[in-house]
Each structure stands twice: as C-alpha cells, then as structure tokens.
Amino acid sequence: MPESLTQNEKIRLFREKIIKWYKEEGDRDLPWRNTGSGWAVLVASFLLRKTTVAQVLKVYEAFLKKFPGPNDLLATSEEKIKEIIKPLGIEHQRARQLKELAQTLSQKYGGKVPCAKDELKKLPGVGDYIAAEVLLSACNQPKPLLDRNMIRVVQRVFGIKSTKRRPHTDTELWRFAEKLVPTSPEDAKNFNFGVLDFARKICTAKNPKCTACFLKEVCNYYSELKNKHNIKFS
Ligand code: SF4
C-alpha cells in the first residue's frame, strides 16, 4: 500500500474498488441476492449448506413458489418438502430444519422474519452469519457477511490477524468489518457480495491471483510479498 494512505482512505478505496468490480464481474443474478424477503434469504442459507450454488439454483425458485412463507411450509408434510429438495442431498435433515425454522417463525413471530439480530439468533439454525445475511438483504441494514472468505480478504488487505482460534466468533474482527461496510443499503449489499465473489475468484485461499489483482496497491499482503521478492508495482 502507498505509505501515505491513512486507514480511512484505504477503507474508502477498498470499498470503491470492490463495488466497481462487483458491478462488472460479480454474480449479481443470484436470486437470493435480489430479494427483500427475509424468508427467501433464510431458505437460501439453509439450502446452501453442504451443497453448491448450481444445485440450489435448480430448486430454489420452485421451493419459494410452493412455500412463499413459513406458514405454507408448515402446512406441508415433511415428505413433500423432501421431494422438492432431494437433488441437494441430506433432504431428511434439511426438511426437519426448515420445519423447525418455520414453526418458530410462525409461533413466535406471526410468520414474519424479525429484523433484530438478537431475535434472529433465537431462530433454530441461525447464527451470526445468517442473521447478518437477513439484516443486510431483507432489512436494509449495513452488516458485514463475515465468513471465512471475507475474513481471509480482510486479514490480507488490512494486515490484521485474529487471535481467536475461531476467527468468525471474534467480536473485534466483527467490529472492524462493520467499519468497512458502506452505510447506503445498496452499496452495503454490493460491497458484501463483491467481497464474497472476489474471495472465491481472485483472493483464493491457495494461490491468490495477486499479480493480476485490482487491490494489490492497497493490499498489505501484497506489499509484504513485494518487499520480500523485490517486485515493483505496475
Ligand atoms: Fe488478495 Fe493478493 Fe489481491 Fe491482496 S493482492 S487482495 S492477497 S489477491
């Protein structure tokens, strides 16, 4: 990173570059990224466990058409739910988890998904990350989607390292990540989804594509690489 950049300038550049890249190169058509429905976000999170995006895309629209809300799912037998989600595997477990989720939403929240972190975390199967997904996508709150991929990018770019064995539970890291997210709801979404796509396509866990990376000039990790191997910024 150029020595003269302050932390705030670096944050601003990081956001701007990620958002620009996401608009040009990101996976913007994923349906769960374009919904204002908390239920649709929760369903995507539950379906995406232990399977691929491509697999979930095959059943997601049909699932939501059949079960547009938790009460619709509750009124259906587990067998029928399993039929729809069978292509994803572990359908018994998924159907049971979705039923439990729908039941809690129906009994405690009148079939609506709450927009408060503490309430969301009382839902079965919902932790910090899924709560943040709902708050960001359905409640227009600028929260970071701090999973291991975002953690990797943030640690590399800003040269920080969580001291926790499980960094996604590190409250300091969550606080830092919160500072990175733009306040406008639209920018906050583009930023978060951009970081996740960037982590998967460029700043990969193994062999990150540093020399072709549009963030290399603000990246601490690259700066260290450059010093170590005497590389010049292009
Ligand atoms: Fe990741 Fe390398 Fe880009 Fe830094 S320069 S953000 S480590 S890909």
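"Exposed" here means over 50% relative accessible area, "buried" means under 20%, and "partly exposed" is in between (1.4 Å probe, protein chains only). The model is predicted, so local features need pLDDT of at least 70 and side-chain atom pairs count only at pLDDT 80 or more, while totals for chains, interfaces and linings use all residues. Residues are numbered from 1 along each chain as its sequence is written, and side-chain values use heavy atoms, with hydrogens and water left out.

**View 1. Lys-50, an exposed loop residue.** Look for Lys-50 in the loop between α2 and α3 (53-66); helices are DSSP runs (H or I, at least four residues) numbered from the N terminus. Is Lys-50 buried or exposed? With a relative accessible area of 69%, Lys-50 is exposed. Its backbone is worth a glance too: phi is positive, about 55 degrees, although Lys-50 is not a glycine. Most residues other than glycine have a negative phi.

**View 2. Asn-140, another loop residue with a positive phi.** Here we are in the loop between α8 and α9, where Asn-140 lies. Asn-140 has a phi near 55 degrees, a positive value in a residue other than glycine. Its relative accessibility is 43%, so Asn-140 counts as partly exposed.

**View 3. Leu-88, tucked into a loop but buried.** Leu-88 has its place in the loop between α5 (78-85) and α6 (91-109). Why does Leu-88 count as buried? Because its relative accessible area is 6%. Pick out Tyr-22 as well: Leu-88 and Tyr-22 are 66 residues apart in sequence and 28 Å apart in space, C-alpha to C-alpha.

View 4. Which residues surround the ligand? They are Arg-156, Val-157, Phe-198, Cys-203, Pro-208, Cys-210, Cys-213, Lys-216, Cys-219, Tyr-221 and Tyr-222, each with a heavy atom within 4 Å of it. Two helices, α9 (148-158) and α12 (220-229), each supply at least two residues of this shell. Sorted by class, the shell has 9 nonpolar, no polar and 2 charged residues. Cys and Tyr count as nonpolar here, and Lys and Arg as charged.

View 5. The ligand sits in the largest cavity, meaning more than half of its atoms lie within 2 Å of the grid points. A cavity is a set of points on a 1 Å grid over the protein atoms alone where a 1.4 Å probe fits but cannot get out; lining residues have an atom within 4 Å of a point. How many cavities of 30 Å³ or more are there? The count comes to 1. The largest cavity has a volume of about 110 Å³. Its lining has 14 residues, and the closest to the centre are Phe-198, Cys-203, Cys-210, Cys-213 and Cys-219. Again α9 and α12 turn up, each giving at least two residues to the lining. By class, that lining has 11 nonpolar, no polar and 3 charged residues.

**View 6. The largest pocket.** A pocket is an open set of points with protein on both sides within 12 Å along at least five of seven lines. The largest pocket has a volume of about 950 Å³. Of its 29 lining residues, Tyr-129, Glu-133, Asp-147, Asn-149 and Leu-196 are the closest to the centre. Two or more lining residues come from each of α2 (38-47), α8 (128-137), α9 and α11 (185-201), and the largest share, 5 residues, belongs to α8. The lining splits into 13 nonpolar, 7 polar and 9 charged residues. Domain 1 (7-29 + 143-229) and domain 2 (36-137) each give at least three of the lining residues; the domain bounds come from an automatic or database assignment.

Note on methods: Points joined across faces, edges and corners; volume = space filled by probe spheres on them.
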